[in-house]
Amino acid sequence: MSSRIQLGLEINDSFQESLPVFKVAHANTLKGEANEYIKNALDRKVKLIPAGHNQWFAVLYRDKGENEFYVIKEEARRLASKVESLADELKLDTIVTDFDLRGFTESQVKDIQLSFVEGLVLSNYRFVKYKSKPEKHISALKKAILKGFNVSEAELDQLLNVLESVYYVRDLVNEPPNVLTAEAMARSFYETGQEVGVKVTILDKSAIEKEKMAGLLAVNRGSAFPPTFTIMEYMPDNAVNEKPIVLVGKGIVFDTGGVSLKSTPNNMDWMKMDMGGGATVAGIIEAIARNKLPLKVVALIPATDNRPGPASYLPDDVIEYSDGTTVEVLNTDAEGRLILADALIYARRYDPLMVIDFATLTGSAMRATGPYAAVMFSTLDRDKTQKILQEGFETYERMVEFPLWEEYGEDIKSTVADIKNIGGPYAGAIIAAKFLQNFVKYPWVHVDIAGTAFLDRKMYYLPKGGTGWGVRMIYSFLKKEFVEK
Ligand code: BES
Ligand code: ZN
Ligand code: ZN
């Protein structure tokens, strides 16, 4: 099911002279030695400047000092995406990227180089599984020889392991709903788990009934396909944490809205992406396992489609969760929070250090920040919350923190049950978060990725369709916060 990273990378300072070369350098470095034509291009901030036969300058412009350093890293990713596009267009099978990063510190040079490779690999992704002639649609660029590369083979491999997980998430999100049922997705989690050394347990419908997962069962009632609840566990002996970090992801494989039916187009027609959160947390735990981080991590993914059917759950239904909480359903399209509640209750048995959930939860979050950021909520202490936000900048998977103020919880008080699953017309992303918070009994982060999980157009190194957004960010946060400390 998953397309692997196709781009070969080779650290090598000697190569065939006839190969096309992209010299990656800062504009200031090039200015000194350039002819009039190149000086002119540099003045116009052209990113790829032809510099003779089979030669280009790939130019970084942002000045250090002028901006935070993370801006230059992002510039390197975007520059790499330009190189990838040009190589594809010109049908260059192999290229050399020749790094000349004079003027940066040693650690900055490494960061820029890693970011550049990251951008190159992320741009090289194509989803061609359903093309009758896939060869025609994959990128022409098959190999990059890295010259003047200061990063070790091991560090490069670590990066590629994380990016392999990003590819995995993109693939799953891009799978059509007639293929990716809840069971098919759970099977995919199982198979990848086997491959990377993550223990995977799949609860089937009868096990889900025994657990009294009221939300998942209610949403599933309209479906012809059984629900699944996947538990992924990575518990290495050398773990630095006693209590595990638990990840939770929304796994709605297709969201029609149920009897509160969505409209098409531009609303229902891309709802295959509604399992994006589930795929993301599977991707994160896989990346951690691939790189053997000494961290206990668990991922929980409740999954079903949401559609109308003869036995569909209905607005006005009241359901009772295994912890006794009762919920009045007033809109069957607010289904994500209902299935996440089961997982948040289930997470309690791990006595988690923290729980981080990812969900394509609300149109409201998407309207607030568009494709450029996710909406994030946190009950962690300020220091840790700040570190997560900072990691968002470092990886350019940026987030805006929204509040969990008490007042927003007023909106979901119910007259017949404890709470209801929708509030008023405003602040939908916050109200959804307040709903989830009812089930939370541990430090918690909620990331609403409705705007970032899936794009309607290519954006630099993010393709149209599934983006794999969030894997790099949380992976880096967990590694820095717990492993490198
Ligand atoms: N899956 C949707 C949210 C969504 C919308 C994700 C757009 C990605 C892009 C979710 O299940 C939903 O339908 N939410 C409703 C909630 C409302 C009925 C309270 C929404 O946001 O409109
Ligand atoms: Zn919905
Ligand atoms: Zn949904």
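User: In which helix is the place of Arg78?

Analyst: Arg78 has its place in helix H3, residues 69-89, where helices (H or I, at least four residues) and strands (E, at least two) are DSSP runs numbered from the N terminus. This is a predicted model, in which local features need pLDDT of at least 70 and side-chain atom pairs count only at pLDDT 80 or more, while totals for chains, interfaces and linings use all residues. Residues are numbered from 1 along each chain as its sequence is written, chains are lettered from A and ligands numbered from 1 in the order in which they are written, and side-chain values use heavy atoms, with hydrogens and water left out.

User: Why is Arg78 called partly exposed?

Analyst: Buried means under 20% relative accessible area, exposed means over 50%, and partly exposed lies in between (1.4 Å probe, protein chains only). Arg78 has a relative accessible area of 22%, so it is partly exposed. With contact meaning heavy atoms within 4.5 Å, Arg78 touches Tyr396, Tyr460 and Tyr461, not counting residues up to four places away in sequence.

User: How do you know whether Thr29 is buried or exposed?

Analyst: The relative accessible area of Thr29 is 15%, and therefore Thr29 counts as buried. Thr29 is placed in helix H1, residues 27-33, and touches Asp100 and Arg102, again leaving out residues up to four places away in sequence.

User: What makes the arrangement around the zinc ion (ligand 3) octahedral?

Analyst: Donors are N, O and S atoms within 2.8 Å of the metal (3.2 Å for Na, K and Ca), and because water is not among the atoms, sites may look incomplete. Lys250 (NZ), Asp255 (OD), Asp274 (OD) and Glu335 (OE) coordinate the zinc ion (ligand 3) at 2.0 to 2.4 Å. Four donors count as tetrahedral if all angles lie between 85 and 135 degrees; four count as square planar and six as octahedral if opposite donors are over 155 degrees apart and all others between 65 and 115; anything else is irregular. The 6 donor atoms around the zinc ion (ligand 3) subtend angles of 78 to 172°, and the arrangement is therefore octahedral. Lys250 lies in the loop between strand E9 (245-249) and strand E10 (251-255), and Asp274 in the loop between E10 and helix H9 (276-290), so this pair ties together parts that are 24 residues apart in sequence.

User: Why is the arrangement around the zinc ion (ligand 2) called irregular?

Analyst: The protein donors of the zinc ion (ligand 2) are Asp255 (OD), Asp333 (O), Asp333 (OD) and Glu335 (OE), at 2.0 to 2.2 Å. Around the zinc ion (ligand 2), the 6 donor atoms subtend angles of 73 to 169°, and the arrangement is classed as irregular. Asp255 lies in strand E10 and Glu335 in the loop between strand E13 (326-328) and helix H10 (336-347), so the pair ties together parts that are 80 residues apart in sequence.

User: Which residue coordinates both zinc ions?

Analyst: Asp255 coordinates both the zinc ion (ligand 2) and the zinc ion (ligand 3), which are 3.2 Å apart.
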